[in-house]
Amino acid sequence: MTSTLQSHVIAGMLANDPLLSGEVGLTTLLVVLIKVVVAFVGLLLSVILMVWFERKVIADMQNRFGPNRAGPFGLFQTIADGMKLIFKEDLMPARADPFVFKLAPFLSLIPAFLTFAIVPIAGSFNDGLDGVVTILGQQTFMQVADPQIGILLFLAMSSLAIYGIMLAGWASGSKYPLLGSVRATAQMVSYEAALGLALASVLLIAGSLSTNAIVNGQAGFRWNVWMTGLVPFVIFTIAATAELNRPPFDLVEAEQELVGGFHTEYSSFRFAMFFLAEFLNTVTMSAIIVTLFFGGPSGPTFGLTNWVGVYILPFFWFFLKLLVFLCMFVLFRATLPRFRYDQVMDLGWKLLIPASLGWFLLLVAVRVGSDQGWNLVATGLAAVAGLLAGAFLLILSIRASAAKREAVSLPGEGT
Amino acid sequence: MGYLNGFGVVIKKWIGVKSATGARITTQYPEETRPKPERFHGRHVLNRYEDGMEKCIGCELCAGVCPAKCIYVRGQDNDPENPTSPGERFGFVYEINYLRCIHCDLCVEACPTEAITETKLFEFAFTNRADAIYTKDELLVDDSGHPQQLPWENWSGGFDPAQDSSGWMRATAPSGDADFVGIVAWAGELGYGVRDPQRASIEVESGPVPAGAHHDDAAQDHGEHGDADHADPTEPESTEPESTPATKTPGHFDSSADLPEKKRRFGK
């Protein structure tokens, strides 16, 4: 009796996953272990391939060949680079804080891995299967964990990753890393807000924090990208790019200003960990975008319920969608020049946060209106009018503060 | 829409990998090599006369002019019975330290006998410091007049032996004097005879004049409006027949006979 109660409590705390809802036996542990190992190895492999892919694609875009020496098509270039980094001398500045200096790369790398745990990568969402697959006689989801906090884990982890960068810059005992990490922290904290507000629109539509439920709600091409009206997706993508510190938001590592940014003083495998974390985050963020807005692994399975319909086809759809977003991040990097620091802050605080908040309020108004049986057109128009008034006030206040700032002459400027 | 146009350009490059807009410009280096510039400065050689005598006279001017202090020379009197070089003395120690050499070519300009010139070889790497110090035995051309190919040197990179000497030297010898541009005033070399002056690089210097058109224009200048063109004393191009590309006959060495007139013309 107590054990059943305990397992229910554990299951309630840990997951909505049917795997943990009954007795937790050895098979259950085995299934969990298999999922963890597969996800870990798969993610590591995908990152190695992502580095290669990015270099190849960007070379294509710049009339070059890219890596083509190590292995067929240069596929082993990342492994060669990794080996080289491992055998390099591990340096630590004399003024560095040794413990934090060593801790920081792990703080950067581990959240990047953990985020991927909540991404469903396969499982059929058609025919009322709800993404449930059967492994070793146990029913489970094709994701490492489905905790009740669900997508909030992603927000928590992306916030934790800031610590890695901030502490790396702080513990280096050197000025450029510190400047880089201050920039990174400010930028990531600013865009976290826009990211969260764009996410809120998705949660409003899905009605659940669980990634499995979010994907399930999007089955049959009822993708959130149009269910939420495109705006949250655009804001989420921009904020995610900033959150990843990828171009055009790579001010953290602006070589012209900050040498290497927060990882200037890192060498050898510690640098490799930062590098790995950066590309891990790119893959994970693309997977999160696919999960939130493009229905994750859901897609036509042509009525198949065998292993092809449950594993192969859903994974194929997931991978296809993932590839599109990886290409998008590469395209951003190849095309867009880096923003100036004040432009980044302006975009984040003055445009993305108000826009995402406004759109969220609009969706809330429509949702409340439909719940209460109000006239949807009138509700929508009233909400839009209210938002426009708010935007107008916001623009006025921004202009007023800018005029005020210009009126004050800075010390050493003019007479 | 400026940003979106930028995306368009990048995507065009990406998709058009095989087309003209996306054609790749990379040279696959170890397999393909690009032609080296006319006046490339590479590894040195010590030249010999056509009869096999060494050109170096051990005067140490190269060592004196070297800004990196990488050349070490010691001269010695020739054995009258069995001379190494035609003159009184010869260089019996000649060493260049390639860990210091900056390939500035000043030694080549300083040399009064064109004994030291630079090839276009740059692909040489050593695994120990002793290899980096080239001795006279390694620098001296072999009995066929070609540079020695040492084990740590890669001579496969599209070298033309006939072109393998300092281009600047072959345009302006003796001793890098610009008054001698285009005039053969150097002795023959073992294996090559008297080398041609470097015409191609001289024409590049005179500006973007289409080939062929230049001679006609100059001829007209001579015939009709006098000295319009010749007011510019820096004009290095000469249209006198004696300075057109020399043939490879060793007898052309005699063309240095018209040096005084040439010098006068440049001097005015």
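**Reading backbone and interface features**

Student: How many other C-beta atoms lie within 10 Å of Glu60(B), and what does that make the residue?

Tutor: A residue is buried at 20 or more such neighbours and exposed at 12 or fewer. In this predicted model, Glu60(B) has 17 other C-beta atoms within 10 Å, so Glu60(B) is partly exposed.

Student: Which element holds Ser268(A), and what is the phi of Ser268(A)?

Tutor: Ser268(A) belongs to helix H11 of chain A, residues 268-293. Ser268(A) is not a glycine, yet has a positive phi of about 55 degrees.

Student: Why does Ser268(A) count as partly exposed?

Tutor: The count is again read against the two cut-offs, 20 or more and 12 or fewer. Ser268(A) counts as partly exposed because it has 15 C-beta neighbours inside 10 Å.

Student: Is the peptide bond from Pro247(A) to Pro248(A) cis or trans?

Tutor: Read omega: the bond is cis, with omega near 5 degrees. Pro248(A) lies in the chain A loop between helix H9 (231-243) and helix H10 (255-258).

Student: How many residues of chain A are in contact with chain B?

Tutor: Nine residues of chain A contact 11 residues of chain B. On the chain A side, helix H2 (26-61) and helix H12 (307-335) are the elements that give two or more residues. That side of chain A divides into five nonpolar, two polar and two charged residues.

Note on methods: Residues are numbered from 1 along each chain as its sequence is written. Chains are lettered from A and ligands numbered from 1 in the order in which they are written. This is a predicted model: local features need pLDDT of at least 70, side-chain atom pairs count only at pLDDT 80 or more; totals for chains, interfaces and linings use all residues. Two residues are in contact if their C-beta atoms, placed from the backbone, lie within 7 Å. Helices (H or I, at least four residues) and strands (E, at least two) are DSSP runs, numbered from the N terminus. Ala, Val, Leu, Ile, Met, Phe, Trp, Tyr, Cys and Pro count as nonpolar, Asp, Glu, Lys and Arg as charged, and the others, Gly among them, as polar.
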